[in-house]
Amino acid sequence: MAVVETEKHGQIFVVRMNRPDRLNALNHEMRTELSAAWNEFRASRELEVAIFTGAGRGFCAGEDMKESLKDGAPGGRRPEIEDPFMSGKLEKPVIAAINGFAMGGGFMLVERTDLRVAVREAVFEVSEAKRWLLGGYNHGHIANLPYPVAMEMALGFRFTAQRFYEIGFVNRLVDAAELMPTAMSMAEHLLTLPPASRVNTVHMMRQMRPAPGPDMQRLAEVLHEHGAKSDLMESRAAFAEKRKPNFKGWNDPEDRYRLPTLESLQKK
């Protein structure tokens with residue numbers, strides 16, 4: 001059974017993650033197959049719009065924790081071939097058809113799409129605060145969300161599809177039976193546009209999305225190292241073993257009071 005299935009409907013390309021027993025968690029094999037699918041889509045002269053979805057009751061549960069623990073590599077191994085969907089080099093629009101849980105890395109897949117349709121039962125979570133030394137500080141900013149909602153997102157709270165629809169993160173909220181028909185209808189609308197208009201407009205809209213500036217990115221890099229790195233694997237082990245984590249926090253307890261700042265970095 002292929003962990004990624006693809007279908008062609010005229011100029012529409014459907015990409016379906018297919019590890020339903022693991023809620024489509026991203027292992028190395030799936031990342032590699034997704035990269036191959038997105039490269040095929042990008043190179044095609046016939047395919048113009050993609051629909052990205054999952055099999056079963058999950059869109060994507062994010063990182064495969066068991067594989068990460070086995071490999072001793074938090075975050076998982078990336079494919080050898082560049083994935084244009086993840087790198088931002090894919091010039092064609094992608095519609096997310098979110099059929100269930102979109103957690104952690106699965107949320108980040110949704111975040112990279114251009115239009116989003118979700119079933120009413122879908123659940124979303126930015127999980128970085130639960131797995132890393134710095135939470136998902138940038139996701140709410142990229143989505144243009146108000147500060148308290150962005151903070152809620154960054155600190156690992158879960159969001160219902162209804163809530164995300166109300167704040168504008170999801171375009172359509174539908175019953176399960178209408179998920180793919182609605183996504184196909186949106187794709188068909190895109191195909192009625194002049195090709196250059198569709199491609200140029202999507203490109204321009206992507207360029208206008210907010211992003212943290214260089215100083216903020218540098219601060220984030222430093223904060224990603226500010227703490228006990230053993231907690232990265234402990235968070236994954238506790239999840240896999242279904243137990244309460246035993247976090248250390250900081251190698252030196254006083255480091256919690258020595259937070260790096262933009263000012264301190266500018267002095268270096």
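**Figure 1. Helix α6 and its residue H139.** H139 is found in helix α6, residues 139–142, of a predicted model. Helices here are DSSP runs of H or I with at least four residues, strands are runs of E with at least two, and both are numbered from the N terminus. H139 is buried, with a relative accessible area of 2%. Buried means under 20% relative accessible area, exposed means over 50%, and partly exposed lies in between, with a 1.4 Å probe and protein chains only. Leaving aside neighbours within four places in sequence, H139 is in contact with F107, M108, E111, V126, E128 and M153, where contact means heavy atoms within 4.5 Å. H139 and A211 are 72 residues apart in sequence, and their C-alpha atoms are 9.1 Å apart in space.

**Figure 2. Helix α1 and what it packs against.** Helix α1 covers residues 28–43, which is 16 residues. From first C-alpha to last it reaches 23 Å, close to the 22 Å expected at 1.5 Å a residue; the expected span is 1.5 Å times one less than the number of residues. The buried residues of α1 are H28, M30, R31, L34, S35, A37, W38 and F41. An α-helix has 3.6 residues a turn, so residues three or four places apart point the same way. The buried residues of α1 pack against the strands β1 (4–9), β2 (12–17), β3 (49–54) and β5 (94–98), and also against the helices α2 (65–71) and α3 (84–87).

**Figure 3. The salt bridge between E91 and R42.** The side chains of E91 and R42 meet in a salt bridge, at 2.7 Å from N to O. A salt bridge is a side-chain nitrogen of Lys or Arg within 4 Å of a carboxyl oxygen of Asp or Glu. This pair links distant parts of the chain: E91 is in the loop between α3 and β5, R42 is in helix α1, and they are 49 residues apart. E91 is partly exposed, with a relative accessible area of 37%, and R42 is also partly exposed, at 34%.

**Figure 4. Other salt bridges.** By the rule used here, the count comes to 20 salt bridges. K130 forms one with E125, the closest N and O atoms being 2.9 Å apart. K130 is partly exposed, with a relative accessible area of 34%, whereas E125 is buried, at 3%. R258 and D252 form another, with their closest N and O atoms 3.2 Å apart. R258 is partly exposed at 46%, and D252 is partly exposed at 31%. E5, E7 and R16 are linked in a network of salt bridges.

**Figure 5. A nonpolar patch on the surface.** Y147, M151, L155 and F157 form this patch, with about 460 Å² of accessible area together. Patches are made of residues with over 30% relative accessible area and no salt bridge; like charges are joined within 9 Å, and nonpolar side chains (Val, Leu, Ile, Met, Phe, Trp, Tyr) within 5 Å. Accessible areas come from the Shrake-Rupley method with a 1.4 Å probe, and for residues only the protein chains shown count as cover. L155 lies in the loop between α7 (147–154) and β9 (158–160).

**Notes to all views.** Residues are numbered from 1 along each chain as its sequence is written, and side-chain values use heavy atoms, with hydrogens and water left out. Local features need pLDDT of at least 70 and side-chain atom pairs count only at pLDDT 80 or more, while totals for chains, interfaces and linings use all residues.
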